[in-house]
Amino acid sequence: MIVLGFESSCDETGVALVRHEPGARPRLLADALHSQAAMHEAYGGVVPELASRDHIRRVLPLARQVLHSAGVGLEAVDLVAYTRGPGLAGALLVGAGVAVALGAALGRPTLGVHHLEGHLLSPFLADEPPAFPFVALLVSGGHTQLMRVEGVGRYTLLGETVDDAAGEAFDKSAKLLGLGYPGGPALARLAEQGDERAIALPRPLLHSGDLDFSFAGLKTAVATQLRKLGPEPTPAARADLAAGTQAAIVDVLVAKSLRALRASGLSRLVVAGGVGANRRLRAALAKGAAKLRAEVHFPPLALCTDNGAMIALAAAMRACEGLDSGTHAGAFDVRPRWPLEDLAAVP
Ligand code: KG4
Ligand code: ZN
């Protein structure tokens, strides 16, 4: 089956074509992405109305580009998928509207995908895809969750952040350090030049004994340290603070992921979401998991942050299992707030 997928939940317009047959490995035929990061940078964060308008401008040219580069005609598309939620309502409606209209025009079914399920399943597009069951660490700009994954659509929440997400901690700390938006990659780059032991920062909930996270206090600690450095901190001090911040976030994510592996008795960890692109996190997780003789799977680097491929893939994997996401023929709706565990309850 060939699936055309649309992602428009936040500030990236993504379109992709995935081919998937039951029992075979899914293949990415083509994908195209437009990031709005530069447009939102001036505002220090995503402006929802601007995001929606830009998705409208980009979505059809990107779809044409994807079909052209895969050499696939619209008539070959078996299923049209879109991100149904969670995300910005207006932005979601763009992808949903285009996908459902296209499905109706082609006489093909449409499937609304949970954005986090897309992230969660994205490692199945890697060269060495995982096998079920596994523990998943979902670390994006809006979510930080540990899940037990038994199969497609079978997800149990093990722990999550009680306040900010890990990506938010990166972004807010980066903002304090005067780095651009999105701050995660910028902070990670600056951290490479710093000494992560030079400035001590807290590791919230590290020893809480559960699988929850809390990152809101970290930005306060970063602000306090920044004040101590005076009005004009040296480049070296800023790099040390960036490295210390990254290390604090990574230490907690690694400790809790390993705890989840031990507690669940599983020996596979899948990391997904934008923060999964962080090299320091990747290296520390690989090292920690090796000690437990567990495997770690990451999505291909380009598929860590938001993209259309993961949406087409999740739809394809759901369709192969005979699952939908509660969407109904001809109708479209979006769910800006949509807990991943709710998917299990969908018929
Ligand atoms: O999954 P994603 O693209 O969007 C959401 O669904 O939220 O994640 C975006 C988040 C942002 O907070 C961004 O700063 C962070 O992922 N991020 C990173 C890196 N690349 C993206 N954080 C740390 N290091 C990176 N290399
Ligand atoms: Zn995302």
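**Notebook: zinc site and sheet**

I looked up His119 and found that His119 counts as buried, at 0% relative accessibility. The model is a predicted one.

I then checked His115. Its relative accessible area is 7%. Because buried means under 20% relative accessible area, His115 is buried too.

Next I asked where these two histidines sit. Both His115 and His119 lie in helix 4, which covers residues 115-121. They are four residues apart, about one turn of the helix.

Which residues coordinate the zinc ion (ligand 2)? I noted His115 through NE2, His119 through NE2 and Asp306 through OD. The distances run from 2.0 to 2.1 Å. Along the sequence, I wrote the spacing of the donor residues as H-x3-H-x186-D.

Five strands form an open sheet, and I read their order as 8-7-6-9-10. The pairing in this sheet is mixed. Strand 8 (154-160) and strand 10 (295-297) are the edge strands, each pairing on one side only. Ignoring direction, I have neighbouring strands turned by 25° against each other on average.

How many bridges join strand 7 and strand 8? I found six, and the two strands pair in the antiparallel sense. Strand 7 spans residues 144-151. I followed one residue across: Leu146 has Gly159, in strand 8, as its bridge partner.

Last, I looked at helix 9, residues 279-291. Helix 9 lies across strand 6 (134-139), strand 9 (268-272) and strand 10. I noted that helix 9 runs at about 155° to strand 10.

Definitions and conventions: Residues numbered from 1 in each chain as written. Chains lettered and ligands numbered in written order. Predicted model: local features only at pLDDT ≥ 70, side-chain atom pairs only at ≥ 80, totals over all residues. Heavy atoms only, no water. Pairing = 2+ DSSP bridges. Axes fitted to C-alpha atoms, helices over the stretch in contact; angles between N-to-C directions. Contact = heavy atoms within 4.5 Å. Donors = N, O, S within 2.8 Å, 3.2 Å for Na, K, Ca; no water. Buried < 20%, exposed > 50% of the residue type's maximum accessible area, 1.4 Å probe, protein only.
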